[in-house]
Amino acid sequence: MSSRKILNNKIYLYITEFFSGMSVMAVELGASRLLAPYFSSSQIVWTIIIGTIMIAMALGNIYGGRSADKNPDPDRLYKRIIIAAIWIALIPVLGKYVILGISAVMIFSVNTNFLIWAAFASCLIIFVFPLFLLGTVTPSLVKYAVSDLEDNGKTVGFLNASNTIGSIIGTFIPTFLTIPTVGVSITFYIFAGILLVIAILYFCSKRQKSVRAAVGVAVLVVACLVSRTDSFAFWEDDLTFEGESVYNYLQVQESDSRVILSTNVLFGVQSVYVKDGSLTGMYYDYAMASTMMAGVHEAEELDVLILGMGTGTFATQCDIYFDNLNMEGVEIDEDITELAVEYFHLSEDIPVYTYDGRAYLNAVDRTYDVIMVDAYQDITIPFQMSTVEFFTMVKEHLNPGGVMVINMNMRSDEEGSINDYISDTVASVFSEVYTVDCSGNTNRELFASDNPDMLEVMETNIALEEDEDLKEMMNVVSANLMEYEAGGYLMTDDKAPVELLGMREIDGLIADEVSYYKQIFSEEGLSGLLEEFR
């Protein structure tokens, strides 16, 4: 069969278009999961991914059309598909190193919007070229498929439909099948392999050996073998667990004293389990003051709801120190709940519901004495759990004298920070609002209630506390509580710019962390910086 014969078979052209469209969407979704452990999966990062990919596709369309008009040799198209497949196969092997290299350069050259610029540069370098090549597919196939002006509209319509249907399927397969079951790396290999098969079939139809096809197969095989031994945090050699769920990158580390969960390679700790049952030294200890404010030692029992259960650190700590709490948690990521039982010793007596926190409040009519809000999407509070409407819903689910506690993970004294927005929004709903900064980290805890005597209740219950360590901790919280003076920064379901505000705070945190190294770099250059890390 000659190449012209296989191209005259329009089904083969539709198949090429179908799998090209599918591969574009699979790579786009794979891009989000490759970047998420380093830059988060926020709407901002998604905007960067979609924008750069659309630029690549548009340029590919232009180039593909001009190239097909100038030299309508189909060999050129299928060679481009092979090159795209090779590049996609190399992404899991080299992409992580490229991201870290770009981040290292950006951190010393960019003063603001570090995450935005680093994510954008990573997208440009890693993903634009292969998707530019795949963008040439549609205009090239139109050139080969249209031979009769009488049915050219029908042919072009079928080609576009094939691409669209492939794109639709390409959004579902990675999200619900390949990424959760075999991971991001294998997902890239699967679709690189599909593209290689499409191109190899074309060259086999000509009885023509293709060096590029052979190289592509070799690269795919080698990439599979190499990348399977790698990880997102490739510099770590003592991870207890590393994996991916539908929602998160998941990393568990264990030491002699504690177990830690991180959902982002570069930023922070999301959950911790202290093996000897002592206080964590983190914000969870401060948050337990909410039970004192709700009268934990005066009540026969308290009902506690945790929105954003994670691996259950707050619930486990409360279970250790109090025996009269009825606790339940809500966690959207079922895989994190499984890790909580396996590695973090979460009691199986504490029910955890796989739900979005706000959706759960919509679904239940129970009320609680304490509601803890600790839900995060990567490193940012989900917008739907930061608005007037949400906090009104929380208030409606509190018993009289009930207390809401919120963990804010990026405290800032800058005017108009994300903490100002959240605190002002809470203050528009609750009459009593107090905050306390956690020592040794960037967290701030906010306590809200409509009980004007919440501090007196807290003092009474601290006095009744028998555990000396916890009592001392609660006295620290009491001594540092500050009544919040509300401003005018409100967030609603219509307007809640949590991601932009969060990115701004992260920029500040990064700047503070690297300022020392920037100074060394400016004074002593690269040699001085390398000497510092020796």
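1. Helices H2 and H4. Helix H2 (residues 10–39) packs against helix H4 (residues 74–109) at an angle of about 5 degrees, with the axes 11 Å apart. H2 is therefore roughly parallel to H4. Angles under 35 degrees count as roughly parallel, over 145 as roughly antiparallel, 65 to 115 as roughly perpendicular and the rest as oblique. Axes are lines fitted to C-alpha atoms, for helices over the stretch in contact, and angles run from 0 to 180 degrees between N-to-C directions. Helices (H or I, at least four residues) and strands (E, at least two) are DSSP runs, numbered from the N terminus.

2. Basis of this note. This is a predicted model, in which local features need pLDDT of at least 70, side-chain atom pairs count only at pLDDT 80 or more, and totals for chains, interfaces and linings use all residues. Residues are numbered from 1 along each chain as its sequence is written, and side-chain values use heavy atoms, leaving out hydrogens and water.

3. Who meets whom between H2 and H4. Contact means heavy atoms within 4.5 Å. On the H2 side the residues include Tyr12, Leu13, Thr16 and Val27. On the H4 side they include Tyr78, Ile81, Ile88 and Lys96. The contact residues divide into 13 nonpolar, three polar and one charged. Here Ala, Val, Leu, Ile, Met, Phe, Trp, Tyr, Cys and Pro count as nonpolar, Asp, Glu, Lys and Arg as charged, and the others, Gly among them, as polar.

4. Aromatic pairs. The structure holds 16 of them. Rings of Phe, Tyr and Trp (its six-membered ring) pair if their centres lie within 6.5 Å; planes under 30 degrees apart count as stacked, over 60 as edge-to-face and the rest as tilted. The rings of Tyr14 and Phe158 have centres 5.7 Å apart and planes at 35 degrees, so this pair is tilted. Tyr14 sits in H2 and Phe158 in helix H7 (residues 152–205), so the pair ties together parts 144 residues apart in sequence. Tyr353 and Tyr360 are stacked, at 5.4 Å centre to centre and 20 degrees between the planes. Ring pairs also link Tyr12, Tyr78, Tyr202 and Phe203 into a cluster.

5. Buried means under 20% relative accessible area, exposed over 50%, partly exposed in between (1.4 Å probe, protein chains only). Phe158 is partly exposed at 42%. Tyr353 is partly exposed too, at 33%. Tyr360 is buried at 7%.

6. The sheet. Four strands form an open sheet in the order S1-S2-S3-S4, with antiparallel pairing. Two strands pair if DSSP finds at least two bridges between them. Strands S1 (239–244) and S4 (271–274) are the edges, and each pairs on one side only. Strand S3 (residues 258–262) pairs with S4 over four bridges. Leu261 stands opposite Ser271 in S4.

7. Helix H11. Seven of the nine residues of H11 (residues 313–321) are buried, so the helix is largely enclosed by the rest of the structure. Among them are Phe314, Gln317 and Tyr321.

8. Met288 is in the loop between helix H9 (283–287) and H10. Met288 is buried at 0%. Beyond residues up to four places away in sequence, Met288 touches residues including Phe314, Cys318 and Met474. Ser290 lies in H10 (residues 289–293) and is buried at 0%. Among the contacts of Ser290 outside four places in sequence are Phe314 and Val370.
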